Amino acid sequence: MSSAPKGRGELRAQPRTTRSGQPVRQAGQVRPVRLGRRSIAALALVSAVGVVAFGWPLLAGSDSGLSAHAKDAPWLFAALLPLLLGVVVATIADVGLDAKAIAMLGVLAAAGAALRPLGAGTAGIEPMFFLMVLSGRVLGPGFGFVLGAVSMFASALLTGGVGPWMPFQMLAMGWVCMGAGLLPGPDTLRGRGELYVLGAYGAVSSVLYGTVMNLQGWPYIGGLATGVSFVPGDPVGENLARFVAYCLATSLGWDLPRAVVTVVLSVTLGPAVLKALRRATRRAAFETPVTFEPSQR
């Protein structure tokens, strides 16, 4: 009996098998981006530059002319943004960010950018934080960092919030999503325990995000009261005490509602969102090799 003629080749995703032909079960949670050496080096470089960019005014001397450097802030945009994009390039070169991962990145970034304006001007209520935290948890630290940065970039374009503060927002949100991906128990912790961990992390990261962003602009704001203003050349401890007073007096009313909204949405909508993200990740089969096979007709 003759076999059917072979037709055109078909592109199929083949499950990984052992030598005996048995399918291989994944040891851990499948993620679209696995951090390699170059990705980790790029993340470390961006984070180091970001820490310096956020905190260098605290170490500036009284004769540094800090007020004059306020006009140099746009140059930080040109310095940080290529480094952020370098993380994406290094990730692609290291692990191969395929079309499925790019599609998921685009969908989640668009969703985050669309959620952010919903709370604009309303006591700091920003529902995008819970989505960023849950996405970072499921998709891992590498994908999470890229997602956070791209989401803030898309949000800035959507709302017209492009300015020298934008790369700082991209970096800070990247840190938030990356931290969610580094939380313990990604393969074992489920149910209420996971929701409590994500809620606690969401609350802390929401407040820290606002605090870090305050540090970016506080040294350049003039006309503040003596007890909360930045004084170039003063000891770091004294300036930090003024900074804490500044945060309590100005931004805490925004940071706390953001934290509360993040916790409430993480606990109430978290199970459904986590289930959907994990189902989409499994069906995308990011770690399944793709091979060509001749079709049978």
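Author: At 12% relative accessibility, Glu126 counts as buried, a word used for under 20% relative accessible area, with exposed meaning over 50% and partly exposed in between (1.4 Å probe, protein chains only). This is a predicted model, in which local features need pLDDT of at least 70 and side-chain atom pairs count only at pLDDT 80 or more, while totals for chains, interfaces and linings use all residues. Residues are numbered from 1 along each chain as its sequence is written, and side-chain values use heavy atoms, with hydrogens and water left out.

Glu126 forms a salt bridge with Arg116, the closest N and O atoms being 3.5 Å apart; the term stands for a side-chain nitrogen of Lys or Arg within 4 Å of a carboxyl oxygen of Asp or Glu. Both Glu126 and Arg116 lie in the loop between helix 4 (99-115) and helix 5 (128-139), so this pair ties together parts that are ten residues apart in sequence. The helices named here are DSSP runs (H or I, at least four residues), numbered from the N terminus, as are strands (E, at least two). Arg116, at 17% relative accessibility, also counts as buried.

The side chain of Glu126 meets that of Arg258 in a salt bridge as well, with 3.1 Å from N to O. Because Glu126 lies in the loop between helix 4 and helix 5 whereas Arg258 lies in helix 10 (residues 252-268), this pair ties together parts that are 132 residues apart in sequence. Arg258 is buried, and so is Glu126. If you now look at the group around these side chains, you will find that Arg116, Glu126, Asp255 and Arg258 are linked in a network of salt bridges.

The structure holds six salt bridges, and one of them joins the side chains of Glu194 and Arg278, with 2.6 Å from N to O. Glu194 lies in helix 8 and Arg278 in helix 11 (residues 270-284), so the parts that this pair ties together are 84 residues apart in sequence. Glu194 counts as buried at 2% relative accessibility, and Arg278 counts as buried at 12%.
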